[in-house]
Amino acid sequence: MSGSRERIFRRIKLALKDRPPADYPGSFPGESPLECGKSRQEPNEDPPRTEIMDRFRGMMEAAGAEVLVFEGIEEAGAWLDDFTQGFGSVAYGRTVPEVLRIASEKREPSNAELGVSMARCAVAETGSLVMDARDGRRNQLLPPTQVVWVWSEAIHASALKFLRELDTEPMPSALGLHSGPSKSADIGQIMVRGIHGPGRLIAGILDWPQDPGSG
Amino acid sequence: MADPTPRNYLTESASIIRNHPEMSQSVQESSRSFDQRRADAYDQVDSQAWRTWAKAVKTHTLSNLDRYLEEAEAHLIQNGVHVHWAEDGQEAFTVLESVVAAHGVKRAVKAKSMLTEELGLNRFLEGLGVGIRETDLGEYIIQLLGEGPSHIVAPAIHRSLTDCQALFHRELGTPLDADPDQLAAAARAALREEFLSADLGVSGGNFLVAETGTLALVENEGNIRLSTSLPRVHVAFVGIEKLIPRLEDLSGFLQLVARAATGQPIGTFVSLIQGPRKADEPDGPEEVHVVLVDNGRSRLLAEEAAWEALRCIRCGACLNVCPVFRQTGGHAYGWAYSGPIGAILAPGLLGLEAAMPLPYASTLCGACADVCPVEIPIPDLILLWRERAVRDGLVPRAERFAMRVFGQAAKRPGLFSASGGLLRKVPLDFGSKALPVLSAWTETRGSLPRSPRLFRDLWKDGIK
């Protein structure tokens with residue numbers, strides 16, 4: 001409807017004809033204070049990594065997610081092996097490293113009891129796992145329980161830093177910021193979990209130097 | 001949503017308060033709870049600095065709206081998105097109809113979107129023979145009830161657990177005493193089938209980033225992520241005022257809208273949509289359409305001062321804090337947008353005459369302006385629309401006459417004082433025939449008891 005476009009633009013230009021353009025105020029001024037350590041950093045300076053990890057964990061847990069930190073591949077693999085015993089079927093995201101897939105019965109995400117995904121990165125300030133469409137959206141959303149691996153090196157201190165970095169990279173068709181289990185208070189204002197997306201969310205932080213070949 | 005009916009505001013409000021006190025109670029409890037959470041979330045950050053920044057970004061964007069719309073359009077197209085322009089609801093529907101026809105759409109799932117409520121999109125899709133299912137739990141509840149949303153963020157805010165138990169028992173066969181988890185599980189099962197079988201996903205858009213063409217959507221349930229990921233076609237209806245300049249601006253807006261709306265640091269799920277599924281991705285829609293909708297916004301942009309309402313980011317904070325909204329919830333307003341923001345958006349988007357008497361649905365207490373995350377001067381704009389209503393002869397003749405008399409008296413202290421004394425001698429129980437304007441009151445109530453002394457005298461004696 002090109003005629004509509006032209007008419008809309010004509011009206012907008014007319015509306016703004018005598019209105020001086022307002023200035024852009026610059027970047028968002030506030031990173032919310034770190035819960036752990038309460039340290040305020042200079043805008044371009046990252047807090048110590050331990051503070052970033054603690055903040056991420058604190059924000060995720062406050063939102064109802066579980067956070068585990070693994071210091072080696074064997075530890076992470078053993079935990080997953082044990083954890084998957086409680087589930088009849090598992091679906092895996094495409095970008096989950098082979099060493100972090102357990103050979104239990106694999107299913108299509110819509111039938112799987114557990115989904116295991118790989119986060120592209122995370123944001124400590126908001127306690128968010130950043131889920132990339134290349135990993136598979138159905139797997140990130142359909143199973144009622146979700147384990148998400150994330151490299152500790154890939155946890156950004158703030159949303160601002162994450163978005164600035166994102167701006168320089170090719171984007172997938174969609175990114176999802178997952179900051180806790182699915183929830184709703186629409187029934188009588190009483191909070192329930194797992195209404196659509198995963199009702200249980202476990203973030204597994206992989207806290208060892210990332211091998212480029214494994215991720 | 002039915003056609004806008006703000007003209008029934010007063011009778012609808014009275015009916016809800018008088019006949020449905022349980023609704024009023026649900027709204028009061030929930031809105032107070034939302035507002036407390038907002039206050040706590042604002043206290044955790046430098047909320048004043050955040051709000052000032054957000055106001056400045058939106059004001060800058062709106063004052064350069066043509067430039068940013070062109071920029072967004074270019075990037076959307078570059079990302080493989082089909083971009084459409086709609087001057088009004090009818091044109092938006094025409095776009096949707098062509099998508100439905102091209103893809104043979106039989107079933108659609110819909111994410112919560114105030115713009116689609118504004119346009120009445122569900123009725124249109126149903127008219128095309130498309131089964132449309134609301135997937136936000138609150139929207140699902142009111143769709144089953146055949147109602148419109150009562151709140152921007154919590155559409156079923158007026159419905160209690162008991163209401164939901166009865167509804168789900170009837171519709172989904174759950175026990176009458178099912179607890180909220182059982183009810184949610186039943187809804188999840190029913191809606192999961194809808195997601196997996198839908199051809200089309202319909203959404204709105206919280207923000208559209210000009211520099212990247214990124215569409216940002218915020219929610220807590222995951223239904224928006226599913227609606228925009230599972231069906232093979234996604235159509236997003238986005239108001240032209242939803243632009244923000246830069247991707248990094250989302251760092252502020254995503255946190256601010258969540259804190260203002262529900263007191264959370266960020267919505268549980270944020271979707272950043274860039275376009276259709278790419279070759280190296282296992283799933284996602286094959287086609288993404290963005291319909292940029294005007295529907296009165298460019299006309300409102302031209303209105304002196306009143307254009308500031310276009311900064312609104314639909315958080316609902318002004319509803320939660322409003323003593324007028326809390327009495328009734330949103331249905332009385334007769335339109336998608338209720339509460340203080342509805343009182344200033346309705347005249348701008350529907351036209352003042354059609355929006356009457358919503359600008360009068362306010363005590364002008366100013367609480368809405370104090371909490372607005374983008375610092376819209378709502379009480380000032382309500383007054384502005386009231387002035388125009390008087391100027392345009394849209395208020396009742398009797399009210400205009402009464403206000404003129406009051407104005408004359410108020411300018412003369414002696415007359416004002418004497419009038420006050422005289423009014424105290426007027427009998428207030430002479431019934432509806434003598435004073436028809438009071439009939440609605442006197443039909444069901446006795447006379448008003450008088451204070452033994454004039455307020456003026458009480459004030460002089462130090463009673464505050």
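This is a predicted model: local features need pLDDT of at least 70, side-chain atom pairs count only at pLDDT 80 or more; totals for chains, interfaces and linings use all residues.
How many residues does the contact take from chain B and from chain A? Residues are numbered from 1 along each chain as its sequence is written, and chains are lettered from A and ligands numbered from 1 in the order in which they are written.

**View 1. The contact between chain A and chain B.** Here 78 residues come from chain B and 66 residues from chain A, where contact means C-beta atoms, placed from the backbone, within 7 Å. On the side of chain B that touches chain A there are 38 nonpolar, 23 polar and 17 charged residues. In this grouping, Ala, Val, Leu, Ile, Met, Phe, Trp, Tyr, Cys and Pro are nonpolar, Asp, Glu, Lys and Arg are charged, and the others, Gly among them, are polar.

**View 2. A strand pair across the two chains.** Strand S8 (residues 174-178) of chain A pairs with strand S9 (residues 269-273) of chain B in the antiparallel sense, over five bridges. Pairing requires at least two bridges found by DSSP; strands (E, at least two residues) and helices (H or I, at least four) are DSSP runs numbered from the N terminus. Look for Ala174(A), whose bridge partner in S9(B) is Ile273(B).

**View 3. Two helices packed in chain B.** Helix H9 (residues 161-172) and helix H10 (residues 180-197) of chain B pack at an angle of about 40°, with their axes 11 Å apart. Axes are lines fitted to C-alpha atoms over the stretch in contact, and angles run from 0 to 180 degrees between N-to-C directions. That angle makes H9(B) oblique to H10(B), because angles under 35 degrees count as roughly parallel, over 145 as roughly antiparallel, 65 to 115 as roughly perpendicular and the rest as oblique. Among the residues that meet are Phe168(B) in H9(B) and Leu183(B) in H10(B). The contact of these helices has eight nonpolar, one polar and no charged residues.

View 4. Most residues other than glycine have a negative phi, and most peptide bonds are trans. Yet Asn295(B), not a glycine, has a positive phi of about 45°. Asn295(B) sits in the loop between strand S10 (287-293) and helix H13 (297-301). The peptide bond from Met356(B) to Pro357(B) is cis, with omega near 5°, and Pro357(B) lies in the loop between helix H17 (352-355) and helix H18 (367-371).

How values were computed:
Two residues are in contact if their C-beta atoms, placed from the backbone, lie within 7 Å.
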